[in-house]
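Thanks for taking a look at this model with me.

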Amino acid sequence: MPITTTRRRLLAGSVATLALPAFARAQGAVKPRLTAISQWSAGSDGAAITALGKKFEEKGGVWQHSPVPGFTTEMMNKLRAQIMAGDPPACSQLKGPEIAAWSKIAPTVDLDAVVAAAGYEKVVAPDLAKLHKPGGKWIALPLQIYSTNMLFLSKRAMDKAKADKIPVTWAEFNDLAEKMKSGGVAFPIANGGTRPDDGQKFEAALAGISPLAYRAAIMNLEKKALEGPEIKAAFAQVRKIADWMDPNVGAQHFSTNLKRFVDGDMGMMIMGGWAQGVLRNAGFKFEDFTIAPGPSDNSKPVFLLNADAFIFWQRKEPDLQAGQTLMAQLVMDPAIQTMYSQITGSIPVRTDVDLSGEGWSEGQRTTAAALKNAIASNQAVLSMAHNMAQENGMTAAMIDVITEYVKNKTIKPEQAATRLAEAVEGAR
Amino acid sequence: MRDRTFAPRRIWIYLVVSLIAAAWLAPLIVVVLNSLRTNEEIAQGSMIGWPQHLAWSNYAAAWSGFCVAETCAGIRPYMLNSALVTIPATIFSTMLGAIAGYAVSLWRFRGDTWIYGIVTLGLFLPQQMRLLPWTIVLRDIGLINTLAGLVLIHTIQGLSFTTLFCRNYYVAIPHELIRAARIDGAGFFRIFWRIILPLSAPILIVTVIWQFTHIWNEFLYGVTFTTGQQQPVTAALIALSAAVADIPQHGVQSAAVIIAALPTLLIYLLGGKYFVRGLTAGAVK
């Protein structure tokens, strides 16, 4: 009967799976081994983590990565299930304030010694470092950085506007958008309709107007800052941006509009640095667009940080502990960060990596330089739209207000500011 | 005469129905067309458009080429995983549901309506709510991260639906039939095998379609309770669509979605004519 065969095969399969770890333990006693879960399973993300695994194996380790495809929720379900089953992965992908939140659920590894040995702390943006040592000790390590507020300019739209100067402040940005509009660019702003998109416009506006206000209002949730004039100014800027966007975006991915952007039917895109990888993978040329830091009214670059990281969960097995140390060393290694970022299009976490060589794009160099300058002027802040500034619930409350404001043009900036402050109070 | 009076209204009905069908089918048509367009063609043009030349390579890549979870074998291995979970779970839950439905509808015993009520209560529990209890159960019986664990979950959770369907169907069977068989000396299982089961084809086809579709399309448990190479096909499909720094792989995605939908489509084609008939069979009572 086919039924019995299937059932028997299933049972045999499950027995084999159960027996496997014990078998591996018996084979080699101290061979470093790493069990990891991440959501990176396909595309360049999958390729990058696979390459990292290869390096881990080259160092004599056993790499056991189980990607959980999908979005963060799925991975968190998996992580929770593993923790409850008493079998947390040796490390797992996690980012932003969720690191602090999740570190209370199960014991994490104290990485202070290995971080100190690598001299890592002084080459990481301070706000970023803070996220990865919630109780004062390093328990997680950032792997790569994207900025969420890079400005992409379409060459053809610039030609239509007869402009060649990259806008630095919001006033210059608005001028250029007007010029594009009158030069025949149908929509001066290219945009998508996925959940973070509108949030990115708002955070770019606020941080560009005043990084101090951004830090106080969005990162620290200070009531006074949330009711301050900068928030209203940011909403006013977002209204301008919204008026220049194609309203028919639905819930589309921003890449749907890349063709119109390159053709000059859309002019500018405020998007994460990852968009250049998307443009490249879509077959567009680097000559078709320019990348610059997002507008900043004090003319010094503002960098909205989005960083992927690994958190390390306590395990008793010596081989897993050895694997965690090896993994931590690899993640902090400039050569590994270079390899990783060159595959995904991000920039390294370390600010001391030289990006002048082969394998880096102009956009990555611009981004890395912007990060360095932003750190120097204390203008590297954490992205709200990409869950770096607040936990998911708070972020969702903020984005709800922003998206409604973008879509509903009868809401005044002052009303939006009040609603944002109320939403923050409600979600606290 | 009858025809003449009804003809204009008919045309109007067909027009409306055709429009609704066209709107309903539009997404499918876009997916089919995109499955034959290269990624670059879609990215450089628009999501909606005719293929410039037929890119059958999308299907090859989807079936056995693209890389998920550090192996480049397409969705083929994940299709097998899904089949290994779906087929046994569908059979077990359908059979158990038929027996349970038969017991609560034709063998009245103390508390039968209560048992029926509790079993069907499972219909109203959201999936997410059951996730942690299942984690504990699978941990304790050692089936976490195994396909057998998923078979168990879907068999037990499927019972709510299959019991409901079968019970509503069996309620319509005349009790005299059972009484006559009992007088002849037949017991619980003999009556089930000899009398009830031969009458059950329509409802069993309904439950098989229902269960097969649901288990095949299930994602949350599939992704939470398996690891690496054991993941079901829904996980592989999501893996294809969730890359950050990549242009969405619309061409390969479309091809993969179509391939992954084929088994459920096949089940519908084979048993579809029974589906509505069986669903409404119990409703009249």
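This is a predicted model: local features need pLDDT of at least 70, side-chain atom pairs count only at pLDDT 80 or more; totals for chains, interfaces and linings use all residues.

**Notes for a first look**

1. Is β7(A) largely enclosed or open? Six of its six residues are buried, so the strand is largely enclosed by the rest of the structure.

2. Next, have a look at strand β4 (residues 140–147) of chain A. This strand is mostly covered, with eight of its eight residues buried. Seven bridges tie β4(A) to β9(A), and the two run antiparallel; in β9(A), A:A307 is found opposite A:I145. β4(A) also pairs with strand β10 (residues 347–348) of chain A, over two bridges and again in the antiparallel sense. In that pairing, A:Q144 faces A:P348 of β10(A) as its opposite residue.

3. The largest nonpolar core has 152 residues, and the members that touch the most others are A:F152, A:L206, A:L305, A:I311 and A:F312. Which element gives the most to this core? That is strand β9 (residues 303–312) of chain A, with eight residues. The core also draws on both domains of chain A: at least three residues come from each of domain 1 (29–144 + 307–348) and domain 2 (150–305 + 360–427). As general background, nonpolar side chains in soluble globular proteins tend to be buried together.

4. Leaving aside residues up to four places away in sequence, A:L206 touches A:A213, A:Y214, A:I218, A:E230, A:I231 and A:A234.

5. How do the two domains of chain A meet? Their C-alpha centres lie 29 Å apart, and 16 residues of domain 1 are in contact with 18 residues of domain 2. On the domain 1 side, the elements that give two or more residues are α4 (98–102), α6 (126–131) and α16 (334–344) of chain A. Of these, α16(A) gives the most, with three residues. By class, this side of domain 1 has six nonpolar, seven polar and three charged residues.

6. Finally, turn to where the two chains touch. Here 45 residues of chain B are in contact with 45 residues of chain A. Several elements of chain B give two or more residues to its side, including α2 (39–44), α4 (76–106), α7 (147–170) and α12 (233–241). The largest share, five residues, comes from α6(B). By class, the chain B side has 31 nonpolar, ten polar and four charged residues.

Definitions and conventions
Residues are numbered from 1 along each chain as its sequence is written. Chains are lettered from A and ligands numbered from 1 in the order in which they are written. A nonpolar core is a set of buried Ala, Val, Leu, Ile, Met, Phe, Trp, Tyr and Cys residues joined through C-beta atoms within 7 Å. A residue is buried if 20 or more other C-beta atoms lie within 10 Å of its own, exposed if 12 or fewer, and partly exposed in between; C-beta atoms are placed from the backbone. Helices (H or I, at least four residues) and strands (E, at least two) are DSSP runs, numbered from the N terminus. Domain bounds come from an automatic or database domain assignment. Two residues are in contact if their C-beta atoms, placed from the backbone, lie within 7 Å. Ala, Val, Leu, Ile, Met, Phe, Trp, Tyr, Cys and Pro count as nonpolar, Asp, Glu, Lys and Arg as charged, and the others, Gly among them, as polar. Two strands pair if DSSP finds at least two bridges between them.
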